[in-house]
Amino acid sequence: MKRRTFFKTAAISSTAIAIPGISACNQQREKPVKPDYSAFDLNEITVSDLQRKMESGEMSAVQICQKYLDRINLIDPLLKSVIEINPDAVEIARQMDEERKAGEVRGLLHGIPVLIKDNIDTFDKMKTTAGSLALEGNIANIDAFIVQKLRDAGAVLLGKTNLSEWANFRSTNSSSGWSGRGGQVRNPFCLDRSPCGSSSGTGAAVSANLCAIGIGTETNGSIVCPSGVNGIVGIKPTLGLWSRRGIIPIAHSQDTAGPMARTLKDAAILLGALAAFDPTDAETHIEKGDFFNDYTQFLDESGLAGKRIGIASEMTGFNAKVDEVFRKAIETLKEKGAEIVEDVKFENLRKADELSYQVLLYEFKADLNKYLDEHPGASVKSMAEIVAFNKNNSEREMPWFGQEIFEMAQAKGDLSTDEYVKALADSKRFTGKEGIDAIMDKHKLDALVAPTNGPAWTIDWVNGDHFGGGSSSPAAISGYPNITVPMGYVHDLPVGISFFGRAWSEPNLIKIAYAYEQATKHRKAPGFLETLE
């Protein structure tokens, strides 16, 4: 089985730019003048910095919003990370400015520009399509739960990000970041490299400073892999910490949205603002834990002191250069007071992966049909109709790869099928009670650690992804939390480090990950190289 990591291609113009005083003939011999993409006065700015600018009157929410819109207009033709701009963005910012003038500030997200993935419902003029041409007319009649929370917090919804179509669950031969509606997302560190996925657009946009913070979704790797590959922070929360209502699904037993940001503090701000129990959300297998509206309280530079951290050794060794960076990371953990437990193993991880894949096929059909039934704006009403649409529009929808996963899912029975029921129970047991929980009990661990990803591979529409390795499966299948922060670089390509653990252990993982982030500060702005030298 191909391990899924849920990951636009812009043609880079070679047309010479007209330069006064140089003949047309000479201009054709000159290389195009490349814009200075780092010349942005909000480059690498944090949520707290933006709040200080608005509080002091140095900048308004409208000015900040317009600066990001201008930057999207400049840079996104290279990246194709933004699939749609919110036509109401400036008006929302204006409303937030008026509230601030009246002495009403809703919180840390008041006036902050956010981009969200195009599989999250918004009750506005934007579509929700999962990148598919089959859903081009789908305008939701109600906000997703987390979008309503985002609006309540005063955030400015800039637009929606491109993604791997159908969250990269359409073909076994797909190119991460490609969608029929949006094209191919590119990695801002090196434009011929994959942005990983399926939250590829959010990862690339956040990394390229096209927004302050972003939201992605994950079934298995879709937040942490694009975060790692694009050199940013990603939090995959415990299942149920953020509501899944109003999000185009793959599987209710694994799906969740989560924050993607350039710093862990910004990710923690967003995590708390949207954390809330939603009784209308799909049932989960995880008992309800503690919710916090402020996860920044757990940011602790000394958070590694006295922690026992186990190395998930089965998730290392896929790339020698990644291993070298990871060894340096482990030394930093030790220097900051952590006790490292070597060679921690998962006994049934391969079995869990195989079983989980079957679960996803069953739930994809059931959950997607339910979503479509609840959305009258969608012109297709079932998975079967999407399969037919793709066949009838294959030149636009399937120019490079097919829809084998759709066809396998369509062939599955309902959720009462014995195969599904057993696969669900066993996959959760192997990764949860007999996986992460058992390993942490045995070794008395506070967290597990592994490389998030290998360096980004070259985009290849003919052969599809050639993913090197990663560590997302245990936390993804169990529904437990996973935090990735930048770990360093392999030939100028970012790689991340993942900290994961028990359900509802976000406070502890944030302490550990923040201490590592502050000790290393590996995050840097991308260079938009056309290719590696």
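The legends below describe close-up views of a predicted model. Local features require pLDDT of at least 70 and side-chain atom pairs pLDDT 80 or more, whereas totals for chains, interfaces and linings use all residues. Residues are numbered from 1 along each chain as its sequence is written, and side-chain values use heavy atoms, with hydrogens and water left out.

**View 1. Strand S7 (residues 233-236) is covered on both faces.** Strands (E, at least two residues) and helices (H or I, at least four) are DSSP runs numbered from the N terminus. Val233 and Ile235 on one side are buried, as are Gly234 and Lys236 on the other; buried means under 20% relative accessible area (1.4 Å probe, protein chains only). In a regular strand the side chains alternate between the two faces of the sheet.

**View 2. S7 pairs with strand S8 (residues 256-261) and with strand S12 (residues 482-490).** Pairing requires at least two DSSP bridges between the strands. The S7 and S8 pairing is antiparallel, over two bridges, with Val233 bridged to Ala261. S7 and S12 are also antiparallel, over three bridges, and Ile235 stands opposite Ile483.

**View 3. Tyr420 lies in helix H15 (residues 418-443).** Tyr420 counts as buried because its relative accessibility is 5%. Leaving aside neighbours within four places in sequence, Tyr420 is in contact (heavy atoms within 4.5 Å) with His252, Val359, Tyr362, Glu363 and Leu415. The side chains of Tyr420 and Glu363 make a polar contact at 2.5 Å; such a contact is a pair of N or O atoms within 3.5 Å, where within protein one must be able to donate a hydrogen and the other to accept it, and residues adjacent in sequence count only if both atoms are side-chain atoms.

Note on methods
Buried means under 20% relative accessible area, exposed over 50%, partly exposed in between (1.4 Å probe, protein chains only).
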